[in-house]
Amino acid sequence: MAENRLVSVCATCKADLRKAIAGPCPADALLFQAETDRVLRGSTGEYLGKPVSVKEWFEICDFFIRLIRKVDRSPTDCLMGFMRQMSVILPEEIPSTPGSGIELLRTHDRQQIFMALWRLLSVNRDPLEAAFSKSGGTRQGFSDKGESVPSSLMELIELLPDNPKVRCDRSKPRSSGPRSPYEVKRMMDRLNRKLEMARR
């Protein structure tokens, strides 16, 4: 009876699930799923050889997932170098719609991310620290402004050099010499706007 209902539901979608071709799930994706179940059931996790809370463990997962998707979206030299150091096989052509959660991705895409994620989760501290160091990246390269970094990873990222953006101080007086064509045009535009406002 249940089988007949399934077929009738699939008929409306013009498909029969019994004819679907199911491929095997990659071993690393299964290992990640097994570890996730263990953390949830045991109410504790482990990372870099130390016990962490369930919340912290999932924050670490979230950080690396964001990093994997960031590399897919904008592959900088430092991020690609880090992934090579970690021997991570990066996913191919993952949909990168801003704000879309990983649960909205196709099963195949999620499996690719979980495979890469498991490599980052199952490594020891020494190779991870070496990968951060040899990547040639900065703190800002691994954590965008406003993004939270789990405490287990913060101490490693803080070992990286800082690369603050230097802002131009427009309050400084202009150095002596002729003005550039751009400056002259900007001044004329400002003057014309003032004249138009005065005529109104």
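I began with Arg38 and Glu35, whose side chains meet in a salt bridge at 2.8 Å, N to O. The model is a predicted one. I looked up where the two residues sit: both lie in helix H2, residues 27-42. They are 3 residues apart, about one turn of the helix.

Arg38 is partly exposed, with a relative accessible area of 40%. Glu35 has a relative accessible area of 16% and is buried, because buried means under 20%.

I asked how many salt bridges there are by this rule. The count comes to 5.

Next I went to helix H3, residues 54-73, which holds Asp62 and Arg66. These two form a salt bridge, and their closest N and O atoms are 3.1 Å apart. I noted a spacing of 4 residues, about one turn of the helix. Asp62 counts as partly exposed at 39% relative accessibility. Arg66 is also partly exposed, with a relative accessible area of 22%.

In helix H6, residues 125-134, I looked up Glu129 and Arg125. They lie 4 residues apart, about one turn of the helix. Their salt bridge has its closest N and O atoms 3.5 Å apart. For Glu129 I noted a relative accessible area of 29%, which is partly exposed. Arg125 counts as partly exposed too, at 28% relative accessibility.

Which residues are linked with Glu129 and Arg125 in a network of salt bridges? I found Glu155 there, so the network consists of Arg125, Glu129 and Glu155, a salt bridge being a Lys or Arg side-chain nitrogen within 4 Å of an Asp or Glu carboxyl oxygen.

I turned to the aromatic rings. The structure holds 8 aromatic pairs. One of them is Phe63 with Phe64, 5.5 Å centre to centre. Are Phe63 and Phe64 buried or exposed? Both are buried.

I also noted one aromatic cluster, formed by Phe32, Trp57, Phe58 and Phe114.

My last entry concerns the surface. Val184, Met188, Leu191 and Leu195 form a nonpolar patch there. Together they have about 320 Å² of accessible area. I looked up Met188 and found its place in helix H9, residues 181-199. Met188 is partly exposed, with a relative accessible area of 43%. That value lets Met188 count towards a patch, because patch residues need over 30% relative accessible area.

Definitions and conventions: Residues numbered from 1 in each chain as written. Predicted model: local features only at pLDDT ≥ 70, side-chain atom pairs only at ≥ 80, totals over all residues. Heavy atoms only, no water. Phe/Tyr/Trp six-rings, centres within 6.5 Å; stacked < 30°, edge-to-face > 60°. Buried < 20%, exposed > 50% of the residue type's maximum accessible area, 1.4 Å probe, protein only. Patch = residues over 30% accessible without salt bridge, like charges linked within 9 Å, V, L, I, M, F, W, Y side chains within 5 Å. Areas by Shrake-Rupley, 256 points an atom, 1.4 Å probe, with all protein chains shown as cover.
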